[in-house]
Amino acid sequence: MVDFTLSKEQVLIQDTARRFAENEIRPVAEQIDAQAHDTDSWAQCRPLFEKATALGFTTFYIPETYGGAGRGPIDGAIFMEEIAAVDIGIAMTLGATMGYPMFILVAGTEEQKQKWLPALCDGNLHILAGAQSEPDVAGSELFCPYPDPKLGLHTTARRDGEDYILSGAKAGFITNAGIADAYFVVARTSMEVAPSQSMSLFYIPADLPGLSVGKRTQMLGMKTGHHAPIYFDDVRVPSGNRLGSEGDALAILGAVLGQGLGAPFVGLARAAYHYALNYAKERRSWGKSLIEHQAIALMLADMEIEVQAARLLVWDAASAGQNRNPSVSVKAMAAKIYAVDVAIKTAQNAVKILGAYGVTREYRASKYLCDAITGYALDFTGDVLRLRIAGRLQDPAGQASGLWS
Ligand SMILES: Cc1cc2nc3c(=O)[nH]c(=O)nc-3n(C[C@H](O)[C@H](O)[C@H](O)COP(=O)(O)OP(=O)(O)OC[C@H]3O[C@@H](n4cnc5c(N)ncnc54)[C@H](O)[C@@H]3O)c2cc1C
């Protein structure tokens with residue numbers, strides 16, 4: 001039997017997240033949205049994240065045995081929807097910090113887990129980031145199935161005794177670059193073999209000599225987020241900081257990819273829908289409220305349907321993750337693709353329902369649209385994720401391409 005009733009504990013998580021988002025995040029996010037794009041807003045955001053740490057949000061998925069909150073993917077989906085309904089930029093900073101320890105859980109040795117996970121749960125704020133995209137390489141190249149070693153990422157990790165020397169650069173889109181305390185970095189341990197077999201994953205403290213971060217990137221939306229390029233100038237990394245074996249990065253990424261990324265876009269879509277609904281009830285035209293005009297009412301009905309459908313896909317993927325069902329990978333990608341598409345369409349409809357007010361900065365509809373479209377390429381475009389699902393359909397075990405985890 002399928003039952004979508006939330007448990008008492010899940011209702012508590014939802015309420016706590018909603019209150020935190022409304023009382024703590026909203027005032028800061030609104031302040032940042034109103035200021036110039038190039039203002040450095042981390043000083044405004046940091047106290048929020050310190051409070052989130054004290055409440056156990058940043059260590060949400062780390063098992064209790066290592067000192068974390070020990071929550072699962074369904075709890076995570078419920079939590080992230082609430083945070084992102086208020087501000088998706090802050091949700092992404094928090095979500096990355098919550099989610100990246102999954103790499104350690106999925107691929108780390110017990111020694112690595114003991115070394116890093118309790119340290120992340122020491123009560124201090126530890127912002128995390130993941131870096132694979134590169135400036136001169138298509139971000140989608142990460143999934144290039146062709147064996148040509150010249151294709152794919154160019155950042156290298158050259159073995160030198162007990163260490164690796166990392167050289168290269170990561171694109172200006174890295175979420176949390178510049179504010180992170182540690183980075184999960186994908187680099188090639190060989191330029192002689194296919195990218196899919198030579199990408200390796202490293203856990204790199206932000207203060208290692210040779211690692212630097214460039215100017216913060218200004219994006220169309222997610223103004224409360226922090227995105228910047230990272231440079232590796234012969235960064236010496238101990239081999240004990242490699243997660244999994246050499247060449248395992250794609251499999252590790254595949255095991256975690258997209259999980260948790262659909263939920264924030266459900267929150268964003270829901271917020272845009274409710275905003276437009278309230279407006280349509282109040283604004284009058286031809287002697288009636290907008291919602292009494294069928295063209296508007298049908299648009300709102302579609303928004304309601306699609307937000308619900310996106311939430312169900314997200315919860316279904318989260319349930320597969322919780323039950324360690326192998327279908328989780330495809331379901332999580334499907335949920336992310338659909339939720340982002342729904343967020344974009346819903347925000348666009350919200351702008352239309354507000355008429356000219358929809359494109360002014362005084363009304364939030366335009367913020368929702370800018371935030372939603374900014375999410376399209378975040379952690380791989382919808383089309384590239386669709387190609388990955390199609391690859392699974394052709395080659396379910398991944399034997400032909402060696403791509404699937
Ligand atoms: C808000 C935001 C946050 C991000 N955060 C991070 C982060 O934390 N870490 C990180 O490493 N990266 C991050 N990224 C980068 C993101 O993962 C890449 O932007 C994404 O993978 C797309 O890469 P690209 O921009 O180089 O586009 P390209 O790969 O150049 O693609 C351009 C277009 O071509 C299409 N395309 C490309 N290849 C194919 C193909 N083979 N077949 C069909 N169509 C194709 C794409 O769908 C897209 O429409 C972030 C991006 C954004 C927008």
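Predicted model: local features only at pLDDT ≥ 70, side-chain atom pairs only at ≥ 80, totals over all residues.

How many residues of the shell around the ligand are nonpolar, how many polar and how many charged? The shell divides into 10 nonpolar, 9 polar and 2 charged residues. In this scheme Ala, Val, Leu, Ile, Met, Phe, Trp, Tyr, Cys and Pro count as nonpolar, Asp, Glu, Lys and Arg as charged, and the others, Gly among them, as polar.

Residues are numbered from 1 along each chain as its sequence is written, and side-chain values use heavy atoms, with hydrogens and water left out.

Let me stay with the ligand. Around the ligand there are 21 residues, of which Gln-132, Ser-133, Gly-139, Ser-140 and Thr-381 come nearest; a residue is near if one of its heavy atoms lies within 4 Å of the molecule or strand in question. Domain 2 (128-247) and domain 3 (258-394) each supply at least three residues to this shell, the domain bounds being those of an automatic or database domain assignment.

Next, the polar contacts, meaning pairs of N or O atoms within 3.5 Å; within protein, one atom must be able to donate a hydrogen and the other to accept it, and residues adjacent in sequence count only if both atoms are side-chain atoms. A ligand oxygen atom lies 2.6 Å from a polar backbone atom of Gly-139. A ligand nitrogen atom is 3.0 Å from a polar backbone atom of Phe-173. For Thr-175, an N or O atom of the side chain is 2.9 Å from a nitrogen atom of the ligand. On its own the ligand has 970 Å² of accessible area, and the protein covers 69% of that; the areas come from the Shrake-Rupley method with a 1.4 Å probe, and for residues only the protein chains shown count as cover. The elements giving two or more residues to the shell are β1 (128-131), β3 (163-175) and α13 (382-394). Here helices (H or I, at least four residues) and strands (E, at least two) are DSSP runs, numbered from the N terminus.

I turn to the cysteines. Cys-45 is buried at 0% relative accessible area, whereas Cys-370 is partly exposed at 25%; buried means under 20%, exposed over 50% and partly exposed in between (1.4 Å probe, protein chains only).

Finally, some loop residues. Most residues other than glycine have a negative phi. Trp-286, in the loop between β9 (284-285) and β10 (288-289), has a positive phi near 55° and is exposed, at 80% relative accessible area. Asp-379, in the loop between α12 (365-374) and α13, has a positive phi of about 50° and is partly exposed at 28%.

Asp-148 sits in the loop between β1 and β2 (156-160). A polar atom of the Asp-148 side chain lies 2.9 Å from the backbone nitrogen of Lys-150, and Asp-148 is partly exposed, at 29% relative accessible area.
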